[in-house]
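Dear colleague,

Please find the structure below for your files. My notes on it follow directly after.

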Amino acid sequence: MSSTAQPPIPATGDASEQSPIEKELAVLLVNALNLEVAPEDIVPTEPLYGEGLGLDSIDILEVALEVSRRYGFQLRSDDERNQQIFQSLRTLATHVAEHRVAS
């Protein structure tokens, strides 16, 4: 793990405000899944599954594939942390920031 990765959660400000990595991932979600929502309208702290953004397990698999392609690390289907990783845009962004391969 890189010690230079910074968490994408802003120290101050509105919890619904997207950080730069959250903005990137919101665009990735909308484009990869053809969502009918604007990337900037995705609230970083709302759930990705069910009541929040409404994604299902197939959607999450597609997102995992796109994250792997774009950020150079694997999100494995058997990872026991997947429920935490995909809890919200913010938790996904935190995981990506910690694990992405520097380009």
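Which residue caps the N-terminal end of helix 2? The cap is Asp-56, with a side-chain oxygen 3.1 Å from the backbone nitrogen of Ile-58. Helices here are DSSP runs of H or I of at least four residues, numbered from the N terminus.

This is a predicted model, in which local features need pLDDT of at least 70, side-chain atom pairs count only at pLDDT 80 or more, and totals for chains, interfaces and linings use all residues. Residues are numbered from 1 along each chain as its sequence is written, and side-chain values use heavy atoms, with hydrogens and water left out.

The mean pLDDT (the predictor's confidence in each residue, from 0 to 100) is 86 for the protein. Over residues 1-12 pLDDT stays under 50. Where pLDDT is low, predicted coordinates should not be read in detail.

Helix 2 covers residues 57-71, and its end C-alpha atoms are 21 Å apart, in agreement with the span of 21 Å that its 15 residues should have at 1.5 Å a residue (the expected span is 1.5 Å times one less than the number of residues). Its buried residues (under 20% relative accessible area, 1.4 Å probe, protein chains only) include Ile-60, Val-63 and Tyr-71. The buried residues of helix 2 pack against helix 1 (20-33) and helix 4 (89-99). Just after helix 2, Gly-72 has a positive phi of about 75°.

Gln-18 lies in the segment before helix 1 and counts as buried because its relative accessibility is 10%. A polar atom of its side chain lies 2.9 Å from the backbone oxygen of Pro-39, and one lies 2.8 Å from that of Ile-42.

Yours sincerely

Notes. Helix = DSSP H or I, 4+ residues; strand = E, 2+ residues; numbered from the N terminus. Buried < 20%, exposed > 50% of the residue type's maximum accessible area, 1.4 Å probe, protein only. Contact = heavy atoms within 4.5 Å. Polar contact = N/O pair within 3.5 Å; in protein donor to acceptor, adjacent residues only side chain to side chain.
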